[in-house]
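Below are some numbered points for your reading of this model. Please check them against the coordinates as you go.

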Amino acid sequence: ELQPVSERREPLTESYWPASQDSQLYPVTCGSVLRASATRWPDKVALVDPGEEGRPIRRWTYAELLAEAEKVANLLAARFPKGTHVAIYAANCPEWVFVQFGAALAGMVLVTVNPACNTAELAYILRQSRSRAVFHQQSWRGTEMGAVVDEAAARERLEIALKVNID
């Protein structure tokens with residue numbers, strides 16, 4: 001029984017929530033949901049880039065989104081085994097979604113990196129995550145992202161087997 005914090009006599013020392021057994025789990029993946037959506041609604045709009053900062057508004061249907069994700073998946077699957085860690089070092093953009101679904105379709109582990117990370121922080125994340133590929137934007141808020149990736153990899157003597165500019 002839960003008690004208000006003011007009535008607790010002993011401090012809480014562990015966090016536990018028992019698994020719910022009242023609903024069935026379904027064997028689906030992000031990739032399978034995208035494929036099913038592209039089959040069911042191929043011409044429906046799935047993704048919209050609002051065109052901020054002078055860029056034109058862009059739209060992708062479910063079929064187009066799947067096609068873009070499959071390009072990323074094929075690129076990754078041709079170079080790496082399933083389970084490989086790949087990083088994305090970018091701000092929110094449609095290409096981020098392509099990479100996310102592409103990594104899922106290829107069976108990769110996606111490591112998301114805040115675009116505000118500096119070289120030392122990126123180097124730490126890439127080393128700790130054992131990322132073998134980095135997808136990045138050309139630049140973000142005046143920072144040349146590709147140069148930061150190169151410097152981070154050199155600093156840690158990391159072997160980044162694939163570096164892709166997503167712009």
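**Notes on helix packing and aromatic pairs**

1. Phe 98 has a relative accessible area of 7%, so the residue counts as buried. The model is a predicted one, and the values below are computed from it.

2. The ring partner of Phe 98 is Trp 60: the ring centres are 5.3 Å apart and the planes stand at 75°, which makes the pair edge-to-face because the angle is over 60 degrees.

3. How many aromatic pairs does a search of the whole structure find? The search gives two. Besides the pair of Trp 60 and Phe 98, there is the pair of Trp 41 and Tyr 62, whose ring centres lie 6.1 Å apart with planes at 45°, so that pair is tilted. Distant parts of the chain are linked here as well: Trp 41 sits in the loop between α1 and β1 (45-49), and Tyr 62 in helix α2 (residues 62-79), 21 residues apart.

4. Are Trp 41 and Tyr 62 buried or partly exposed? Trp 41 has a relative accessible area of 34% and is partly exposed. Tyr 62, at 22%, is partly exposed too; the cut-off for buried is under 20%.

5. Pro 94 is placed in helix α3. With 6% relative accessibility, Pro 94 is buried. Leaving aside residues up to four places away in sequence, Pro 94 touches Leu 47, Asp 49, Arg 58 and Trp 60. For Arg 58, the separation from Pro 94 is 36 residues in sequence and 8.9 Å in space, C-alpha to C-alpha.

6. Which residues make the contact between α1 and α3? From α1 they are Cys 30, Gly 31, Leu 34 and Arg 35; from α3 they are Phe 101, Ala 104 and Leu 105. By class, the contact of α1 with α3 has five nonpolar residues, one polar and one charged.

How values were computed: Residues are numbered from 1 along each chain as its sequence is written. This is a predicted model: local features need pLDDT of at least 70, side-chain atom pairs count only at pLDDT 80 or more; totals for chains, interfaces and linings use all residues. Side-chain values use heavy atoms; hydrogens and water are left out. Contact means heavy atoms within 4.5 Å. Helices (H or I, at least four residues) and strands (E, at least two) are DSSP runs, numbered from the N terminus. Ala, Val, Leu, Ile, Met, Phe, Trp, Tyr, Cys and Pro count as nonpolar, Asp, Glu, Lys and Arg as charged, and the others, Gly among them, as polar. Buried means under 20% relative accessible area, exposed over 50%, partly exposed in between (1.4 Å probe, protein chains only). Rings of Phe, Tyr and Trp (its six-membered ring) pair if their centres lie within 6.5 Å; planes under 30 degrees apart count as stacked, over 60 as edge-to-face and the rest as tilted.
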